[in-house]
Amino acid sequence: MADDERTNNTQASANQEQSREPVVDVEDIDVKKIETKRRDLHGWQWWIVAGIAISASAFHLYTALYGLLPAMYQRSIHWMLMGVLLYLLYPISGKRPKDKIDIWDWGFAILLVIGCLNILLNWNAISDREGMPTASDIYLGIMMIILVIEGARRSMGWPLPIVSIVALLYALFGPYFPGLLAHGGFPFKELAPFEYLRTDGIFGVPLGVSASFIFLFVLFGAFLSSSGAGKFFIDLAIALTGQSQGGPGKAAVLASGLMGTVSGSSVANAVTTGAFTIPLMKESGYKSEFAGAVVAAASTGGQVMPPVMGAAAFIMAQFLGVSYWEIVVAAAVPATLYFASIWFMVHYRSGKIRLKEFSIEDMPKLKTVLREGWHLLLPIITLVIFLALGYSPVKAVFWSLALLVVVSWVGKKEYRMTPRRILDALINGAIGAIEVAAACACSGIIIGVIGITGVGLAFSSFVLSLSHGILPLALILTMIGSIILGMGVPTTAQYVITSTLAAPALAQLGVPLFSAHLFCLYFGVLADVTPPVALATYAASGIAKSNPMKTGFVALATAAAGFLVPYMFVYNPYLLLKGEIFHIILGCVTAIVAVVALSAGIQGYFLSKLNIIERLAFMILPFGIIYPSLLANFLAVMIVIAVFLLQKVRLRQYVL
């Protein structure tokens, strides 16, 4: 593979001036072609959808400024707006026409409005009769469950709805399940109102987080996109890394990391940054599979990259009862280690295939990029400062968004937030939040079943029994379950389910609850680069024009550190910046040594090509320092230094 890639590099260098593969501009990406599930409406139907989307954004901005409504009111209005948009924009099947709304979808939207209005108009009466549901409560509850499951199916496919249906069947037929899973069973007249009219079901914590935090951060991302932030991040990454060894690959990692600070979607990140960086990587001599893999792996890391992590991070803060800033601080080092490993993968691969410096005439200059886009950093810095000062994420993102609108007038004319661009951002932000809202509502059904049946305790006992109380085995079982579940359902839903079921079991084995939840999140995120279902990989592969399955396995190897880092912070909480400063520094330094060694071992290259013994040593070394030990840390550093010196001597002899 390396020889073929080296040949490709030579050919690419020779042909660089003659024929250069056209670079895809971010502005040329047709989002509607990527998001094929959505309708492409025109005329009066589009104006209705646009009006609802603007209303949704206006509602969330209003409550961000003046205060959130009581839980059920805030969540009901949020789901009513998101649900109506979902049914108007997502057809019942891919075979239906995309240019008009089917008559039955208007009916579904009206039924969903009725279900939400019932809560909004009758909540006091509903609260007074809690535990004594009326016939209307039962029928409306059944209707809402069906609408939520069908909405999730339309927007995300079958996996999550199937899990929800299985959960409902488990609640209904509990007496027929064996052993620890058996329970008394709950008829629909109890189950439907529980799911519909309590904050333990559909309108539970996940949808509450979507209604308060997630929507606003998606809206913030839409405003950033409209103001040219995507192009700025890509230009900045290329300007900083383009001339270094493996520059285009490093630019892809840096661009994805920068986009990841404000985007919580791995697929959107891969499409936005990959459209520019993948052609650059291919032109410089990287194989198509590796180019797509790097972008997919780096884009996936956006969901764990502060300050704007994936939607699941906001739910984690609510589950743990901590501030979102605590999540941001704790996630900083693990996310940095993940991106550092991909960076070194690119560096060592470029050395292995002797990739020459890549230069193009129109490569952006750092001074020019900063002069034209420095103002786009101010809203992100403001967001971090507000969070650090203890402001709620809602207030922090609101004022950051307001600042973004103001400072956009400092930049280029085409990116200024004019009234038209603001309206477009309001529409795109609301539409972009639909799938997350659907995932959160459908996850609420599963949470409701877990709560009413008590299966969470049974599952914890099952994990403890299967692992025989051995922590490493319990971690491996949780990892496998998280990845398998993450392959089929969105990261948000995966985190909600696994953290509810598996995290308590890990906590009983002595893992801090914070670490247990972050462990579940990491492996759900990594499902986006784990074949056979690897959404970020498929998106990047489409741009790279590579074999999706091959790209998937290369991405899996490129993201290898992501499978190591969670074990490291479970055994070494100093990586979450908890503990004494000396131990934190020591833990971070040895973790960097581990990811460097792992990257070099996978690529088979350090200062020069690694022999079999050196490569095995580098591959084994990271696993030896998962558990914090001064002796293990010392040996790891000594091994890296020894290989470094040996390769220095060999290189000097080769030169002589």
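Does Arg-153 count as buried or exposed, and at what relative accessibility? Arg-153 counts as buried, at 16% relative accessibility; buried means under 20% relative accessible area, exposed over 50% and partly exposed in between, with a 1.4 Å probe and protein chains only.

The model is predicted: local features need pLDDT of at least 70, side-chain atom pairs count only at pLDDT 80 or more, and totals for chains, interfaces and linings use all residues. Residues are numbered from 1 along each chain as its sequence is written, and side-chain values use heavy atoms, without hydrogens and water.

The protein has 31 helices and 0 strands. Both are DSSP runs numbered from the N terminus (helices H or I, at least four residues; strands E, at least two). Buried residues account for 57% of the 656 residues. The C-alpha trace spans about 90 × 60 × 50 Å along its principal axes.

The salt bridges come to 11. Each is a side-chain nitrogen of Lys or Arg within 4 Å of a carboxyl oxygen of Asp or Glu. Arg-153 pairs in this way with Glu-150, with the closest N and O atoms 2.8 Å apart. Both residues lie in helix α6 (residues 135–156), 3 residues apart, about one turn of the helix. Glu-150 is buried, at 18%. Shared partners join Arg-39, Arg-96, Asp-102, Asp-105, Glu-150, Arg-153 and Arg-154 into one network of salt bridges.

Within it, Arg-39 meets Asp-105 at 2.4 Å, N to O. Arg-39 sits in the loop between α2 (31–34) and α3 (43–66), and Asp-105 in helix α5 (residues 103–128), 66 residues apart. Arg-39 is buried at 5%, and Asp-105 at 0%.
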